[in-house]
Amino acid sequence: MNITTPILTTLTLALVAAGPAAAGLDDNLPKPGDARYAVPAGKVEHSVTVTEITGSKAVPRHTRHELWLSRNRARSVVTDMKSGKVTAETVITRKETRTFSAETGRVTVRKSSRASTPFNSSLFEAAVQRAYVEQGITKVTGETTVRGRRALVVENVPGKWVSDRSDGKTVAVIDAETDALYARTSTLPDGAFTQKETYQTQVLQGASAHVRFAMGKHKGAKVQRISG
């Protein structure tokens, strides 16, 4: 198998039968707040996750999640791939959190002296994928190539993998050297549910990267301010 489609054009969102559920139940797995997996000081991690959900028992969805993440700031933009419209946007700094919802037509501004980001870095995700293989939660079932790099195909191991459904199957593609997550597909039997995710991440440097933390304009949205 040779994956040639650019990941950018094809961060996890939540999976019904995916790894984050397993990660939260095992004390031996990496912890999200571990400083070892934080974005390096002075740098910004830019990632794009495209998620497509289909199936007879699923609510169809096709979204693009773009995330800019530093040690203490974040900007998240979710776009509906069918309409091309932004459905949600969040900007987090040390002093405030701004959240836009297209559903409510509102921008909520919450002031805080201790705002923190709920997003995980790609370093954390890679550490989780590595731990899954080392602890036998997933197993290597094959190899492939992603953008000229050797990659491993890994699959969940029944009995070791913890998820909402014991009959679910999750297959991921990770870099053979760095364990970076390239793609993940989770399925339930009989076509009931399929979630496909693809990932691409790059590290930005310099002051210009921080410009990306400004929230976009949302015409007509009402602003609600809340004290932290």
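Visitor: Is Glu96 buried or exposed, going by its relative accessible area?
Guide: This is a predicted model, where local features need pLDDT of at least 70, side-chain atom pairs count only at pLDDT 80 or more, and totals for chains, interfaces and linings use all residues. Residues are numbered from 1 along each chain as its sequence is written, and side-chain values use heavy atoms, with hydrogens and water left out. Buried means under 20% relative accessible area, exposed means over 50%, and partly exposed is in between (1.4 Å probe, protein chains only). Glu96 has a relative accessible area of 13%, so the label is buried.

Visitor: Which residue forms a salt bridge with Glu96, with the closest N and O atoms 2.5 Å apart?
Guide: A salt bridge here is a side-chain nitrogen of Lys or Arg within 4 Å of a carboxyl oxygen of Asp or Glu. Glu96 has such a partner, and the closest N and O atoms are 2.5 Å apart. The partner counts as partly exposed at 26% relative accessibility; it's Arg98.

Visitor: What else is linked with Glu96 and Arg98 in a network of salt bridges?
Guide: Glu96 and Arg98 belong to a salt-bridge network.

Visitor: How far apart are the closest N and O atoms of Arg64 and Glu66?
Guide: Arg64 is partly exposed at 24% relative accessibility, while Glu66 is buried at 15%. They form a salt bridge, and the closest N and O atoms sit apart by 2.9 Å.

Visitor: How many salt bridges does the rule count?
Guide: One of them joins Asp167 to Arg165, with 3.0 Å between the closest N and O atoms. By the rule, the count of salt bridges is 12.
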